[in-house]
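Hello,

Here is the structure I promised to pass on. Please have a look at it first, and then read my notes below.

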Amino acid sequence: MNGASREALAAARESLAALTDSTTVDATALADELAAVTTLLEREVSLRRVLTDPAQDGEAKAGLAQRVLGGQVTGEVVDLVSGMVRSRWSSPRDLVDSVEQLADEADLVAAERDGSLDDVEDELFRFSRILSSSSDTSSRLRSALTSRTAAPAAKSELLHSLLGGKARPVTERLVTRLVTQARGRSLEGGLENLSRLAAERRNRSVAVVTSAVPLSDQQKQRLGAALATLYGRQVHLNLDVDPEVLGGITVRVGDELINGSIADRLEDARRRMAG
């Protein structure tokens, strides 16, 4: 997102945070209604263009949003979306993406309230690793979930058979919404973004740690403490095992890669010898 949309999203997130600070607000219902608004804006191209037209008065756009949404969603959601359309957006697509992000964040608020946020983070990570596997089963699963011809209901049913009763309800809701309302996004990118949002609920970064063998509890504690010192905030560890690492570990935090694997050092030595 460009500057204007980033500022508008930041303001909308503050409004959502203020709204969900009240425990009387049903965060799950809020997520459902924001997801419904996302679907509406995705379908009605002309509507989202009008609502993000910089030539239109902000109050006029807010009034339009209130007329369209009134009676379909609760007053809290009407007020939230009305506030968003008063802001300036760089593109109509950014508004749709931002409403959807608020829906995801509302679901994560629900997970935080019931104490399942850590589990949701881990489950999102594990599911992304299953999809990225090179096995035939993973490839078929990914093809089924990203098929443009498969009906959303069929994808939802497939996900329920995989996750229902095995993952937290919030995890299933987030993944199902991502898969059935992809809107041109990659499945991998969407899962990564969900993991990032979950981490932000705790003001944490996420480190993807790959090691040749599982780390002991003591090793995990030392690594977590070292990364927290390095980045100045708590870092959640998503752990993966890959025998090809050949000892040591690799750690990725955002776009930064900290590589301490034997395989990496051997490759570096080979490059130096070749040079």
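Predicted model: local features only at pLDDT ≥ 70, side-chain atom pairs only at ≥ 80, totals over all residues.

Residues are numbered from 1 along each chain as its sequence is written, and side-chain values use heavy atoms, with hydrogens and water left out.

Let me begin with a loop residue. Val 73 sits in the loop that joins α4 and α5. Its relative accessibility is 14%, so Val 73 counts as buried (under 20% relative accessible area; over 50% is exposed and in between is partly exposed, with a 1.4 Å probe and protein chains only). Leaving aside neighbours within four places in sequence, Val 73 is in contact with Glu 33, Val 37 and Val 78, where contact means heavy atoms within 4.5 Å. Val 73 and Leu 34 are 39 residues apart in sequence, yet their C-alpha atoms are 8.5 Å apart in space.

On the α2 side, Leu 30, Glu 33, Leu 34 and Val 37 meet Val 77, Leu 80 and Val 81 of α5.

Which residues have the most contacts inside the largest nonpolar core? They are Leu 30, Leu 34, Val 37, Leu 41 and Leu 95, in a core of 31 residues. A nonpolar core is a set of buried Ala, Val, Leu, Ile, Met, Phe, Trp, Tyr and Cys residues joined through side-chain atoms within 4.5 Å. At least two residues of this core come from each of α1 (3–20), α2 (27–43), α3 (45–51), α4 (58–69), α5 (75–86) and α6. The largest share, seven residues, is supplied by α2. A second, separate core has 22 residues, including Leu 108 and Phe 127.

Val 96 belongs to helix α6 and is buried, with a relative accessible area of 0%. Not counting residues up to four places away in sequence, Val 96 touches Thr 38, Leu 41, Glu 42, Arg 48 and Arg 183. Thr 20 lies in helix α1 and is also buried, its relative accessible area being 9%. Beyond its neighbours within four places in sequence, Thr 20 is in contact with Leu 30, Val 109 and Arg 113.

Finally, α6 (residues 92–113) also pairs with α11 (residues 187–200): their axes come within 10 Å and cross at roughly 50°. This pair is therefore oblique too. Gln 101, Asp 104, Glu 105 and Leu 108 in α6 meet Leu 194, Arg 196, Leu 197 and Ala 198 in α11.

Best wishes

Terms used
Axes fitted to C-alpha atoms, helices over the stretch in contact; angles between N-to-C directions. Helix = DSSP H or I, 4+ residues; strand = E, 2+ residues; numbered from the N terminus. Parallel < 35°, antiparallel > 145°, perpendicular 65-115°, else oblique.
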